[in-house]
Number of protein chains: 2
Amino acid sequence: MKLRHPHATEDCRAVSEILQRIGDKWSLLVVRRLGQGPMRFNELRAAVGGISQKMLTTTLRTLERDGFVTRTVYPTTPPRVDYELTDLGRELEIPVKELAEWAITNMGRINEARRRFDSSMAA
Amino acid sequence: MKLRHPHATEDCRAVSEILQRIGDKWSLLVVRRLGQGPMRFNELRAAVGGISQKMLTTTLRTLERDGFVTRTVYPTTPPRVDYELTDLGRELEIPVKELAEWAITNMGRINEARRRFDSSMAA
DNA sequence: AACCGTGGTATCTGATTGAAACCAACACTA
DNA sequence: TAGTGTTGGTTTCAATCAGATACCACGGTT
């Protein structure tokens, strides 16, 4: 039993962790929107669509913590908070876009596989 | 406000869904292992390490449903079940590997950002 | 009959999600 | 000057989901 990649497990865990991080329900949607330029909170909320206030806050906080977005508060009234992608966030988009393209071109195959599987289960 | 990518939202949801699918705790670990060749259930369980029986079953079922792995039962006694990557599964590895490399090379930056964020919160 | 190895299921608990209500600060209006 | 609205956020709570633990079915061995 040869292991060609001695660190495969750790690396794989790292990747798995990252995927879990950005693979939640909203992170990518938010990142994609911010990829088109900085946005304020409610603007982003409307653009993403269907996200609750709390989840947007949570998502943005986590993205900020991981260094993917910056949060800038302008102490005006009413308050104004701008969110913007960092360099890291913009760099992340590159491999994500690759995967995105794969996902889009292969979604049909996946859905077909699912249909096949589900109908063979029903039998 | 120009939208250069009219279908960005749907596409993004597709990607987000895929990431959620393969971004769970075990899918990638399993796919990686199977990338080295077909394996039986308990063999895979030992190779992945730390995964419960139920989670391996669940993970494999979902991967099978999505058309990433095949499940072959040999009705011997004791039963023997082989799992193997499909073409789709092997193709998936390509963009995932890209993201994997990004994740590995940038993990340091992410962790650093987290440390910074956490310590600035503690203040 | 007791036991082991195979792969799989049922149960139960803690985390996550998300909807709805509430909060703080300030400006504008009546 | 009390009331109302805007903006970004937190709190609360019900529902859902992930995952660990314990158990099950089957047949061969002893």
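**Entry 1: ground rules.** I number residues from 1 along each chain as its sequence is written, and chains are lettered from A, with ligands numbered from 1, in the order in which they are written. Since the model is predicted, local features need pLDDT of at least 70 and side-chain atom pairs count only at pLDDT 80 or more, while totals for chains, interfaces and linings use all residues; side-chain values use heavy atoms, with hydrogens and water left out.

**Entry 2: the elements of chain A.** I looked up the secondary structure of chain A and found five helices and three strands, where helices (H or I, at least four residues) and strands (E, at least two) are DSSP runs numbered from the N terminus. Read from the N terminus on, their order in chain A is α-α-β-α-α-β-β-α.

**Entry 3: the dimensions of chain A.** I noted a radius of gyration of 19 Å for chain A, whereas a compact globule of 123 residues would have one near 14 Å; the radius is taken over C-alpha atoms, and the globule rule is 2.2 Å times the number of residues to the power 0.38. Along its principal axes, the C-alpha trace of chain A spans about 60 × 40 × 25 Å.

**Entry 4: surface and charge.** Chain A exposes about 7,000 Å², of which carbon and sulfur atoms supply 54%; such areas come from the Shrake-Rupley method with a 1.4 Å probe, and for residues only the protein chains shown count as cover. I also looked up the charged side chains of chain A, which has 20 positive and 16 negative ones, with the centres of the two sets 6 Å apart. Here Lys and Arg count as positive and Asp and Glu as negative, while His and the chain ends are not counted, and the place of a charge is taken as NZ of Lys, CZ of Arg, CG of Asp or CD of Glu.

**Entry 5: burial and helix 2.** Of the 123 residues in chain A, 42% are buried, a word that stands for under 20% relative accessible area, with exposed meaning over 50% and partly exposed in between (1.4 Å probe, protein chains only). I then asked myself how many of the eight residues of helix 2 (residues 27–34) of chain A are buried. The count is seven of the eight, so helix 2 of chain A is largely enclosed by the rest of the structure. Those buried in helix 2 are A:S27, A:L28, A:L29, A:V30, A:V31, A:R33 and A:L34.

**Entry 6: how the two copies are related.** Two copies of a chain are related by a rotation about an axis and a shift along it. Chain A can be laid on chain B by a turn of 180° and a shift of 0.0 Å along the axis, with an RMSD of 0.3 Å; the superposition is by least squares on the C-alpha atoms of residues with pLDDT of at least 70 in both copies. The two copies are thus related as by a two-fold rotation axis. In chain A, the C-alpha nearest the axis belongs to A:G23, 2.8 Å from it. I also noted that 98% of the interface residues of chain A are interface residues in chain B as well, so the copies meet through the same surface.

Entry 7: I looked up A:N106, in helix 5 (residues 87–122) of chain A, and found it buried at a relative accessible area of 7%. Not counting residues up to four places away in sequence, A:N106 touches B:L88 and B:E91, contact meaning heavy atoms within 4.5 Å. A:A113, also in helix 5 of chain A, is buried at 8%, and with sequence neighbours up to four places away left out, A:A113 touches B:R65, B:D66 and B:G67.

In helix 5 of chain B I looked up B:R114, which counts as buried at 14% relative accessibility. Leaving aside neighbours within four places in sequence, B:R114 is in contact with A:E17, A:R21, A:R65 and A:D66. Is B:R115 buried or exposed? At 56% relative accessibility, B:R115 counts as exposed.

Entry 8: Most peptide bonds are trans. The bond from A:T77 to A:P78, however, is cis, with omega near -5°, and A:P78 lies in the loop between strand 2 (69–74) and strand 3 (80–85) of chain A. In chain B, a cis peptide bond joins B:T77 and B:P78, with omega about -5°.
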